[in-house]
Amino acid sequence: MRLLPRPARFALMAALDVALYARGRPVSSKELAARHDLPPRRLETLLQALVRAGILKSVRGPAGGYELARERRRLCIGEIVRVALRAEEEEDQAPALLIAVLEPLIAETEEAALARLDDITLEDLYTRAIAQGFGQREPATDFDI
């Protein structure tokens, strides 16, 4: 059973990708989507929600994209997941039985899980990703004349 819905997983992946690849320049949504074989439009809504929440910042222009709005050690995973869950709730209309009976139990369980995720920072995920070989930029092309 998966406790985190897809949008929350994608939001975590997007924030981690920006942390890994935005070294001196923003990461474009197209670049991010291509790296993970996802349609750019699917990520754009989540990226904008992360910008509104102060997790990412948007850089406009031809070399624009996304950067972290705060240091990795100041971004907890629980915060990123909450942003994605709120964005998903805005799109969803639930039946009355689900809201009245199941939602309180699910909310209690989610809060316990989110409390644990609040103890994990983006820096922790970044360190794991680097240890597994992620975050290596393609080497710059050299020209011999």
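Predicted model: local features only at pLDDT ≥ 70, side-chain atom pairs only at ≥ 80, totals over all residues.

Q: Is Thr121 buried or exposed?

A: Thr121 counts as buried, because its relative accessibility is 17% and the cut-off for buried is under 20%.

Q: Which residues is Thr121 in contact with, leaving aside its neighbours within four places in sequence?

A: Thr121 contacts Arg72, Arg73, Leu75, Cys76 and Ile77.

Q: How do I read the sides of a helix?

A: An α-helix has 3.6 residues a turn, so residues three or four places apart point the same way. Now take helix α6 (residues 122-131): Leu122, Tyr126 and Ala129 are buried. They cover an arc of only 65° around the axis, so they lie on the same side of α6.

Q: Which exposed residues does the face of α6 turned away from its buried side carry?

A: That face carries Arg128 and Ala131. Just after α6, Gly133 takes a positive phi of about 90°.

Q: How are two packed helices described?

A: By the angle between their axes and the distance between the axes. Here, the axes of helix α1 (residues 6-21) and helix α3 (residues 40-52) come within 10 Å and cross at roughly 70°. That angle makes α1 roughly perpendicular to α3.

Q: Which residues make the contact?

A: From α1, they are Arg6, Pro7, Phe10, Ala11, Met13 and Ala14. From α3, they are Arg42, Leu43, Leu46, Leu47 and Leu50. By class, this contact of α1 with α3 has nine nonpolar, two charged and no polar residues.

Notes. Residues numbered from 1 in each chain as written. Heavy atoms only, no water. Axes fitted to C-alpha atoms, helices over the stretch in contact; angles between N-to-C directions. Helix = DSSP H or I, 4+ residues; strand = E, 2+ residues; numbered from the N terminus. Parallel < 35°, antiparallel > 145°, perpendicular 65-115°, else oblique. Contact = heavy atoms within 4.5 Å. Nonpolar A, V, L, I, M, F, W, Y, C, P; charged D, E, K, R; others polar. Buried < 20%, exposed > 50% of the residue type's maximum accessible area, 1.4 Å probe, protein only. Arc of directions from axis to C-beta.
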